[in-house]
Amino acid sequence: MKQDATRNAAYTVDCEDYVHVVEFNPFDSGDPGNLIAYGGGNYVVVGICTFQEEEADVEGIQYKTLRTFQHGVRVDGIAWSPETRLDSLPPVIKFCTSAADMKIRLFTSDLQDKNEYKVLEGHSDFINGLVFDPKEGQEIASVSDDHTCRIWNLEGMQTAHFVLHSPGMSVCWHPEESFKLMVAEKNGTIRFYDLLTQQAILSLESEQMPLMSAHWCLKNTFKVGAVAGNDWLIWDITRSSYPQDKRPVHMDQACLFRWSTINENLFATTGYPGKIASQFQIHHLGHPQVI
């Protein structure tokens, strides 16, 4: 497969150590800037950035670090809480992490004197995905190589537990109906669960393995996207349990799939880290070529 010429980054932020995971806050924090968190070997940095497309008086990017949190172990994943607010007094920063020690840490800070974290233990293998309930932020869902999806309250207690048929790779919460959860498994199956009955209500099949990442389109929740093998795949869950569209994109295995939060036809994929031809690509369903 022909590879496109490499493009330079539009903006860069210097970091003191290597970065293993990056996550923008998808929720409204009451501030025009974009909250961002990134984690590395033993730390998480929370910052705020404003782009010139959003503020006319900003040249390029304006970035400010708000707080560095010591983590003690490699950060594998970050999920923001909708309770995070910068327009409250004092401000509230709340997020959770998954780590190499198979534990979840829930951080809460007022960016002043209060900097707390709680450890959530229960998984027996690596955690591949975690997400907050997007409506109230009172629960966290996580999936792991231990073949489970677990739901936790903010006190660290498990409120639900689903046994999977293979490692859980991704988990997404419905943006409006907070009792619906999507779980993607490495064997190529994506299931939707009703948290009230704690039963699976729908499943999708990719028919190829390994499925490494899946994402629910928040602009159109009938759409689900994933990467499996070298391909991206798109489902319309109202039409079929099999992909409506798929295309090979990464010659050395695809790793990550993410929908745009503002356009239901835009999504991004990444190749597998460490591979020779690993790339980050942006796709539009209306255009055959990578953007």
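Keep in mind that the model is predicted, so local features need pLDDT of at least 70 and side-chain atom pairs count only at pLDDT 80 or more, while totals for chains, interfaces and linings use all residues. Residues are numbered from 1 along each chain as its sequence is written, and side-chain values use heavy atoms, with hydrogens and water left out.

Let's start with a sheet. Strands of a sheet pair through backbone hydrogen bonds, either parallel or antiparallel. Here, three strands make an open sheet in the order 21-22-23, and their pairing is antiparallel. Strands, like helices, are DSSP runs numbered from the N terminus (E, at least two residues, for strands; H or I, at least four, for helices), and two strands pair if DSSP finds at least two bridges between them. At the edges sit strand 21 (254–259) and strand 23 (280–284), each pairing on one side only. On average, neighbouring strands in this sheet are turned by 20° against each other, direction ignored; the axes behind that angle are lines fitted to C-alpha atoms, for helices over the stretch in contact, and angles in general run from 0 to 180 degrees between N-to-C directions. Zoom in on strand 21 and strand 22 (residues 266–271), and you'll find five bridges joining the antiparallel pair. If you want a spot to look at, L256 stands opposite T270 in strand 22.

Now for the aromatic rings. Rings of Phe, Tyr and Trp (its six-membered ring) pair if their centres lie within 6.5 Å; planes under 30 degrees apart are stacked, over 60 edge-to-face, and the rest tilted. That rule gives twelve aromatic pairs. One of them is W259 with F267, an edge-to-face pair at 5.6 Å centre to centre with 70° between the planes. Both W259 and F267 are buried, where buried means under 20% relative accessible area, exposed over 50%, and partly exposed in between (1.4 Å probe, protein chains only). Elsewhere, ring pairs link F69, W80, F95, F107 and Y117 into a cluster.

What about the charged side chains? A salt bridge is a side-chain nitrogen of Lys or Arg within 4 Å of a carboxyl oxygen of Asp or Glu, and the whole structure has twelve salt bridges. Among them, D101 joins R105, with the closest N and O atoms 2.6 Å apart. D101 is partly exposed at 24% relative accessible area, whereas R105 counts as buried at 10%. Another links R191 to E185 at 2.7 Å, N to O; R191 is buried at 18%, and so is E185 at 1%. Then there's D236 with R239, at 3.5 Å between the closest N and O atoms. D236 is buried at 15%, but R239 is exposed at 64%.

The cysteines are quickly told: there are zero disulfides, a disulfide being a pair of cysteine sulfur atoms within 2.5 Å. For C49, the nearest cysteine sulfur belongs to C15, 11 Å away. C49 itself is buried, with a relative accessible area of 2%. C172 is in no disulfide either, as the nearest cysteine sulfur, that of C217, is 11 Å away. C172 is buried too, at 9%.

Last, a note from a record.
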